[in-house]
Amino acid sequence: MEITVEKETSLVEAILFLESEPLTEDAIAEISLLAKDIVQMALETLKERYSQESCGLELVQITGGWVLMPKKDLWQYLKERYGRKNEGKLSKSALETLSIIAYSQPITRSEIEAIRGVSADNMVRLLLERNLIRETGRKDIPGKPIQYGTTKEFLKFFRLNSIADLPKLDETESERFELAR
């Protein structure tokens, strides 16, 4: 079978459709047996194709890999049936704790509590169970408390490619997150 630009793009599209996790360009090249520059060209073609208003999907880079997803504006109609059972069901307290960790990582439980003003035990346990945060090590201070940071699951949950894609904080919000430093 002769591979043409259209076939190459179709092959990359089919691979992305069949995979449930984001794939790097190297992984796509390995699976498709295409050169990396051909994969990059195919991804650009797909990005352009899916940017059309008539398409219900978009090509998104998340956690350093590429994935086909429903467009954000359609998700409200789809999430009840196709979303994970607990997706979007984080309490205000859990979201506040998660945002403190995301913007201040690595951070200890006592530092989270200093910012929130209340115990963080239950929220940290919940976020660990949901795999939105993980232990990243221990702080080099007496007692060597555990430090926490976000996970790839966190990036997927919020459709972020990296932690650098978090919305920027204004000056007041930034000062609040620096209290524990």
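How many bridges pair E4 with strand E5 (residues 146–150), and in which sense? The two strands pair over five bridges, in the antiparallel sense. (Strands pair if DSSP finds at least two bridges between them; strands, E with at least two residues, and helices, H or I with at least four, are DSSP runs numbered from the N terminus.)

A word on the model: it is predicted, so local features need pLDDT of at least 70 and side-chain atom pairs count only at pLDDT 80 or more, while totals for chains, interfaces and linings use all residues. Residues are numbered from 1 along each chain as its sequence is written, and side-chain values use heavy atoms, leaving out hydrogens and water.

Back to the sheet. It's an open one of three strands, ordered E3-E5-E4, with antiparallel pairing. Strand E3 (107–108) and strand E4 (133–138) are the edges, each pairing on one side only.

Now the aromatics. Searching the whole structure turns up two aromatic pairs. Rings of Phe, Tyr and Trp (its six-membered ring) pair if their centres lie within 6.5 Å; planes under 30 degrees apart are stacked, over 60 edge-to-face, and the rest tilted.

| Pair | Type | Centre to centre | Between planes |
|---|---|---|---|
| Phe154 and Phe158 | tilted | 5.1 Å | 55° |
| Phe157 and Phe158 | edge-to-face | 4.8 Å | 70° |

Together, ring pairs link Phe154, Phe157 and Phe158 into a cluster. Phe154 is buried at 3% relative accessible area, and Phe157 is also buried, at 15%. Phe158 is partly exposed, at 33%. (Buried is under 20%, exposed over 50%, partly exposed in between, with a 1.4 Å probe and protein chains only.)
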